[in-house]
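Terms are given with their cut-offs where they come up.

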Amino acid sequence: MTRVALLPPDERPNTRGYAVAIGACAGLEVVTPPPAAMPSFRQPADTAALARWLKEISTEVDHVVVSLELLVHGGLIPSRNTDDRIGQVLPRLDVLRQIDVPVTAFGVVTRLPSYDNAARSRQEPAYWATHGARLGALSTVWDAHDLGEATAEAVAAARGQVPDAYVTDLVRRRARNHAVLLAALEMASDGILDTLVISSDDTAPRGLPAAERRQLQRWIDRLGVDVLTYPGADEVPSVLVARVAAQVRGIAPKIAVDCPDADGLDRIAPYEDRPVRLGLANQVRALGAVEVTDADEADLVVVVHPPAPEPGDWVLDPPDASADTGWTAVADAVAAHVAAGRRVAVADIRFANGSDPQLLAGLDDRGLLGRLVSYGGWNTAGNTIGTTLAAGVTPALSVTPRSQEARDRFLARKIIEDGHYLPVVRRRLQQEAARRGLTDPPLDELPDVHARITRDLHRWATGTRTLSGWTVTNARLPWSYTFTVDFDLTPPGGAAT
């Protein structure tokens, strides 16, 4: 069996865990660093231990997939918070020059949330609780000024709203992270990296992240190096594990896209900076797959439930749950493809940060949900599309009983997590926390919170046609916040994992 060593961005189930699961679906063994070397939320990983592990394990695997944030900064969250200088972090890339198997690396253009949020200040520097919105406004006007869209007076006014120390801290850290990505471009140009992906976390058309993306693209074009760039973050390790599986087998999976809403793929989803059509095409390319127009030629048909004309976000701007979401056209398309004997996946990006419950219930009522190859409806459009495609192409890569069992388990997990936890259970927890005057995170003060989540998820899953025989146990909240849930699943007659 092909073995892949993975340095994920962090220890979460939707970064490390999903990628390991996708590997199992594709017939790969994915190995990750020992827990003692990994980060714990804001606590950075032991980067020296990670480098040693990577060098040692590289002699035992066929391919290495590396998060630059973990290798260099100690994790995705530490990359936004640590005080290391450029001269300290760049030498941490040198271990990649000492590896004799192909190396796939991925890095992220650091996000810049544009709102005050005390809870999120645990993921960002502490001053984000009081100055996040003003930093976001300054970031936007800086970029707009560079493009001739804002005046120097507007920049000065925005700059005057933020203490000098906060501005200096923000800019220095972003410059450091940008330098790491430039160094990765050099390594790609030198042939040290087999593949390089630079994605953008929570993107927007204007701001410092947008400016950095444009600068990186100029250097990519000038170097003439093939680098994959697109919106995304948490799904990237899953996509790249599937890409390695396709490369090892010499297969370029064929993917057909079906969006029943004629205008849907031309919309820009929340937290992204380009139409869905372009983001989806880049995700297909990142997989090492090709897009085809004839569904009968495809290894996978992905049916897209596109962003709503009026964007909704289950966390920040919950949609009207009773309004018609256009789900019936999506379900009809799924039914037609399934009846034709095609492998079908559903990428539900109608709303940010959770599925469309109407679509999920409709697919379940029609007996279609369990006949999907993969399903996704979480966080951003890029997150959903990437993991859905990665899992969806795996039947073209591995058809063993073990890989099919892994696919069934991953599909069940995504249905429960994306379809019920994110849009329903999480909102209840957040509303309860607000009533109690608690922040998110932490949620440890909510009474019996993990047991309650377990009961709710199990009750909902067993009430569906698709998952009536499954058992949900041991739900928990990594990082003690509601955005990410983990739980154990037992299939009918199977073992928990």
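Helix α11 (residues 327-339) lies across β7, β9 and β10 (344-348), and runs at about 170 degrees to β9; helices (H or I, at least four residues) and strands (E, at least two) are DSSP runs numbered from the N terminus, while axes are lines fitted to C-alpha atoms, for helices over the stretch in contact (heavy atoms within 4.5 Å), with angles from 0 to 180 degrees between N-to-C directions. This is a predicted model, in which local features need pLDDT of at least 70, side-chain atom pairs count only at pLDDT 80 or more, and totals for chains, interfaces and linings use all residues. Residues are numbered from 1 along each chain as its sequence is written, and side-chain values use heavy atoms, with hydrogens and water left out.

**Sheet**
- The open sheet has 5 strands in the order β8-β7-β9-β10-β11, with parallel pairing, where two strands pair if DSSP finds at least two bridges between them.
- Its edge strands, each pairing on one side only, are β8 (290-292) and β11 (374-376).

**Pairing**
- Strands β7 (residues 254-258) and β9 (residues 300-305) pair over 4 bridges, and Val257 stands opposite Val302 in β9.
- Strands β9 and β10 are joined by 5 bridges, with Val301 opposite Val344 in β10.

**Strand β10**
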